[in-house]
Amino acid sequence: MSDCLFCAIVAGEIPATVVHETDDVVAFRDISPQAPTHVVVVPRTHYADVAELSAADPALAGRLLATGAAVADAEGLSDGYRFVLNTGRDGGQTVFHVHLHVLGGRALTWPPG
Ligand code: AMP
Ligand code: ZN
């Protein structure tokens with residue numbers, strides 16, 4: 001089994017509630033939702049964070065965003081939503097496989113804590 005949690009989910013070694021998948025990205029529900037809709041979108045290929053992903057494969061970074069928008073649409077978030085890409089320790093990143101959080105379904109506060 002992979003030692004990366006999200007690689008293991010992509011490989012089907014750890015169960016997740018997948019809501020959308022393509023050849024190169026997978027979207028699944030966050031196990032600890034912070035909003036009524038909380039989906040994370042990950043590339044199948046492992047990159048540690050958004051800096052690594054966008055440097056190595058900017059087109060894939062674009063598809064990650066487009067998939068997030070498609071998920072928001074499919075989830076009915078017509079009043080708006082938030083994308084979050086936590087990066088590094090101060091950014092609150094805990095899983096070091098880049099992932100786009102898609103949050104919505106209630107009015108979200110700003111700024112974040
Ligand atoms: P981050 O803090 O930005 O690295 O986000 C990691 C996210 O992964 C958190 O929101 C966790 O709740 C979520 N998470 C951790 N384990 C799982 C899991 N097994 N399935 C789905 N989401 C998970
Ligand atoms: Zn990984």
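Here are a few worked exercises on the structure above, which is a predicted model. Local features need pLDDT of at least 70, side-chain atom pairs count only at pLDDT 80 or more, and totals for chains, interfaces and linings use all residues. Residues are numbered from 1 along each chain as its sequence is written, chains are lettered from A and ligands numbered from 1 in the order in which they are written, and side-chain values use heavy atoms, with hydrogens and water left out.

**Exercise 1: the zinc site**

Find which residues coordinate the zinc ion (ligand 2), and work out the geometry of the site.

Step 1. Collect the donors, that is, N, O and S atoms within 2.8 Å of the metal (3.2 Å for Na, K and Ca); water is not among the atoms, so sites may look incomplete. The search returns Cys4 (SG), Cys7 (SG), His46 (ND1) and His97 (ND1), at 2.0 to 2.3 Å.

Step 2. Check the angles. Four donors count as tetrahedral if all angles lie between 85 and 135 degrees. Here the angles among the 4 donor atoms are 106 to 117 degrees, and the site is tetrahedral.

Step 3. Read the donors along the chain: their spacing is C-x2-C-x38-H-x50-H. Cysteine 7 in helix α1 (residues 5–10) and histidine 46 in the loop between β3 (37–43) and α2 (50–56) are 39 residues apart, a pair that links distant parts of the chain. Helices (H or I, at least four residues) and strands (E, at least two) are DSSP runs, numbered from the N terminus.

Step 4. Buried means under 20% relative accessible area, exposed over 50%, and partly exposed in between (1.4 Å probe, protein chains only). Cysteine 4, at 11%, is buried, and cysteine 7 is buried too, at 18%. Histidine 46 is partly exposed, at 36%.

**Exercise 2: salt bridges**

Step 1. Apply the rule: a side-chain nitrogen of Lys or Arg within 4 Å of a carboxyl oxygen of Asp or Glu.

Step 2. Take arginine 63 and aspartate 24, which meet at 2.7 Å, N to O. Arginine 63 sits in helix α3 (residues 58–74) and aspartate 24 in the loop between β1 (18–21) and β2 (25–29), so this pair ties together parts 39 residues apart in sequence. Arginine 63 is partly exposed at 37%, as is aspartate 24 at 21%.

Step 3. Move on to glutamate 75 and arginine 29, whose closest N and O atoms are 3.0 Å apart. This pair links distant parts of the chain, with glutamate 75 in the loop between α3 and β4 and arginine 29 in strand β2, 46 residues apart. Glutamate 75 is partly exposed at 25%, and arginine 29 is partly exposed at 35%.

Step 4. Finish with aspartate 90 and arginine 89, a salt bridge of 3.9 Å, N to O. Aspartate 90 is exposed at 76%, and arginine 89 is exposed at 74%.

**Exercise 3: disulfides and a cis bond**

Decide how many disulfides the structure holds, and locate the cis peptide bond from tryptophan 110.

Step 1. Look for pairs of cysteine sulfur atoms within 2.5 Å. The structure holds 0 disulfides.

Step 2. Inspect omega: the peptide bond from tryptophan 110 to proline 111 is cis, with omega near 0 degrees. Proline 111 lies in the segment after β5 (100–104).

Methods: Tetrahedral: all angles 85-135°; square planar, octahedral: opposite > 155°, others 65-115°.
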